[in-house]
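Thanks for coming, everyone. Let's take a quick look at strands and rings in one protein model. Here it is on the screen.

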Amino acid sequence: AQALPELEFFNGLGGFADDGREYVTILGPGQSTPMPWINVVTNPAFGFQVGADGGGYTWSVSSRENQLTPWSNDPVADRPGEAFYLRDEDSGDLWCPTASPIRDEMATYVARHGRGYSRFEHTTHGIVADLSQYVPIDDTIKISRLHLRNTSGRIRQLSVTAYGEWVLGPSRTASATFVTTEIDSDTGAMFARNPWSASFGARVAFADFRGHQTDWTGDRREFIGRNGTLASPLALVDGH
């Protein structure tokens, strides 16, 4: 069972922990915040925002004009443009360390918003997942650290998949036609460019799995599937 923190000023969904240094949201079965409760993590040149469900979006220099992943301009739904997936390669079970985009309606999700970081905890399928996200004080990069602990008492074969929708502009609709991706031959990282951006066209965005990635695609339809959703991406549901 997932151990839940004791919180100060708990309102049924969230409260303070660690002497007020964290605001912690506990989403139990059937619970959600009335609107996105977010944390803004940024330094002068780079940042991201993320809500209690996970997801969020990332920007460089300008949070409006140079979104790296999409901002959901929706006060209620907060559709994610970034996601992490866990898949049991033996059983085919698929889930997320956050409450979005795949939500187990019977499970509990804990989100911790602190100064300069957000952290997400979720236990299911005998796996304790702990995802921490932050931006270094003096670097233009978003770092996500995912810790997994096996409590099932048996050997597990899991895969981890990261998903992000490139924007590289003020909106995905405006820039999607111009974004190009390639795999860097030296590092294996994915590079993304939007040369049609007047102010940021010379910049290069990148995504990397610390060099341990085994497969990439820059084709959204290949991953999600035609008319598919992030809650049931074709590439992971069918195991390929």
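Start with one definition. Two strands pair if DSSP finds at least two bridges between them. Keep in mind that this is a predicted model.

How many bridges join strand S1 to S2? Four, and the two strands run antiparallel. S1 covers residues 14–17.

Next, the open sheet. Four strands form it, in the order S3-S4-S5-S6, and the pairing is antiparallel. Which strands stand at the edges? S3 and S6, where S6 spans residues 62–67. Each of these two has a single partner strand, so one side of each is left without a neighbour in the sheet. On average, neighbouring strands of this sheet are turned by 35° against each other, direction ignored.

Zoom in on S3 and S4. Six bridges join S3 to S4, and these strands run antiparallel. S4 is residues 46–51. Asn-39 stands opposite Val-50 in S4. One general point for anyone new to strands. In a regular strand, side chains alternate between the two faces of the sheet.

Now the rings. The structure holds six aromatic pairs. Take Tyr-23 and Trp-37. Their ring centres are 6.2 Å apart and their planes meet at 65°. Planes over 60 degrees apart count as edge-to-face, so at 65° this pair is edge-to-face.

What does that pair tie together? Tyr-23 lies in S2, residues 22–27. Trp-37 lies in the loop between S2 and S3, and S3 covers 38–43. So the pair ties together parts that are 14 residues apart in sequence.

Compare another pair, Tyr-57 and Trp-59. Here the centres are 5.3 Å apart and the planes are at 40°, so the pair is tilted. Tyr-57 counts as buried, at 5% relative accessibility. Trp-59 is also buried, at 9%.

Back to Tyr-23 and Trp-37 for a moment. Together with Phe-16, they form one aromatic cluster.

Last item, a charge over a ring. Lys-142 lies over the face of Phe-48, at 4.4 Å from the ring centre.

That's the tour. Questions, please.

Conventions
Residues are numbered from 1 along each chain as its sequence is written. This is a predicted model: local features need pLDDT of at least 70, side-chain atom pairs count only at pLDDT 80 or more; totals for chains, interfaces and linings use all residues. Side-chain values use heavy atoms; hydrogens and water are left out. Rings of Phe, Tyr and Trp (its six-membered ring) pair if their centres lie within 6.5 Å; planes under 30 degrees apart count as stacked, over 60 as edge-to-face and the rest as tilted. Buried means under 20% relative accessible area, exposed over 50%, partly exposed in between (1.4 Å probe, protein chains only). A charge sits over a ring if NZ of Lys or CZ of Arg is within 6 Å of the ring centre and within 35 degrees of the ring normal. Axes are lines fitted to C-alpha atoms, for helices over the stretch in contact, and angles run from 0 to 180 degrees between N-to-C directions.
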